[in-house]
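User: Could you walk me through the sheets here and explain what the labels rest on?
Analyst: Gladly; let's look at the chain first.

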Amino acid sequence: MDAGTYSISSEKSHTAAAARPPLQEAGTRPYMPSLSTGSRNPSAKCYGDRFIPDRSAMDMDMAHYLLTEPRRDKENAVAASPSKEAYRRLLAEKLLNNRTRILAFRNKPPVSENVSAAITASSHHAKLVKQRRHIPQSAERTLDAPELVDDYYLNLLDWGSNNVLSIALGDTVYLWDASSGSTSELVTIHEDSGPITSVNWAPDGHHIAIGLNSSDIQLWDTSSNRLLRTLRGVHEERVGSLAWNNNILTTGSMDGKIVNNDVRIRNHVVQTYEGHSQEVCGLKWSGSGQQLASGGNDNLLHIWDVSMASPMSTAGRNQWLHRLEDHMSAVKALAWCPFQSNLLATGGGGSDRCIKFWNTHTGACLNSVNTGSQVCALLWNKNERELLSSHGFTQNQLTLWKYPSMVKMAELSGHTSRVLFMAQSPDGCTVASAAADETLRFWNVFGDPEVAKPAAKASHTGMFNSFNHIR
């Protein structure tokens, strides 16, 4: 039996531990201090407790001259004239360099000015080099998220600018206020319209858009928990992706259409983009609001430019700026770079497993990295040149990459099923991940003491203390 084997091995290990002194490497001899007070160089000879000088560094001829010179002076004291005495002193100054010590070691050669400057510059550079930050390998907190829909093509998690996290669980949207630590239920829709297929915060952090399986889109004011309006007839099938650009809400659907809705006016549909033949599962506006990236289940990535959009009053069809067909599976993970406006990172599904980087001005693919597993979501670090990816089968991990080398900096494990969604806190330090294992985990993966002050970091770590449940 395993238990019996474990018991015997435990007894042996205890016996061995008792026989071997603690804090010793296995198979090494006991430490014996050296009797030599000289060099620690292993090749140096050891002479015990005696000091024997190395005469190779001494000038024995000079020592003999200095020992015998005083006796000669005494013997020739009467015969020496003042001129000879002056000549002798001058000769000693020039040839003997005023040396008076008999057993004197030779001086070290002077240090070159270039070497000294290099050492100074190197030490100064070492002080300026930024220490590599500690990346926690485990989640800061884990919360239950029951009834989270296990669907790769949906977008059910978002973190607003007002520091409130929204998550859709089945037919209900929950709000978690990170500042106060309170959880509230925003809305539970009728089962005929559900489940909820997408959530996305407006830039003001108070209004939120909710996409439904019934193809409707709801707009809510979270400060008053009031439904503002419902957008109907925009799509024919479920709305799985949403993206805000100021007052424009862009919606993507299983019908393959992308629609711009101006939520301020009655006739809200202002532009339509048609380029996907299957479900639109990824939508992201660039930071400038001039370009829109869309990814679909048809393995296509489109880049749309505002300057090329035509209004609905004209019969013209909007033309994409770039149609990119390099991915071999659905393109859901999209992330615009915060430090380079025309750089876009995209991730492919289970048959592709690649992260690709694009120059959206030219449409060129700058790099492609095979991650080995399904790419579900991507997030850029706002403070460093780093990219975080979440994955599906087989490891279900989060991977932090250094850009542009794409060297793995850390792999964060804990989820037991694919990590479908990620959202970033407004300060850029904390990342929330939701997975098909029905857990919501928080990671301090982007935390940096130089950017996030200790007081702000303390407020983030303390806001989870009273919660073990999302509802």
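Predicted model: local features only at pLDDT ≥ 70, side-chain atom pairs only at ≥ 80, totals over all residues.

User: What makes strand 8 and strand 9 a pair?
Analyst: Two strands pair if DSSP finds at least two bridges between them. Strand 8 (residues 217–221) is joined to strand 9 by five bridges, so they count as an antiparallel pair. Strands are DSSP runs of E with at least two residues, numbered from the N terminus.

User: Which strands are at the edges of that sheet?
Analyst: The open sheet has four strands in the order 6-7-8-9, paired antiparallel. Strand 6 (196–201) and strand 9 (226–231) are its edge strands, as each pairs on one side only. From one strand to the next, the twist averages 20°, with axes as lines fitted to C-alpha atoms and angles running from 0 to 180 degrees between N-to-C directions.

User: Why do strand 18 and strand 21 count as edges?
Analyst: Their sheet is open, with antiparallel pairing in the order 18-19-20-21. Strand 18 (331–336) and strand 21 (364–370) each have a single partner strand, so one side of each lacks a neighbour in the sheet.

User: How many bridges link strand 20 and strand 21?
Analyst: Six bridges link strand 20 (residues 354–359) to strand 21 in the antiparallel sense, and I355 stands opposite V369 in strand 21.

Notes: Residues numbered from 1 in each chain as written. Heavy atoms only, no water.
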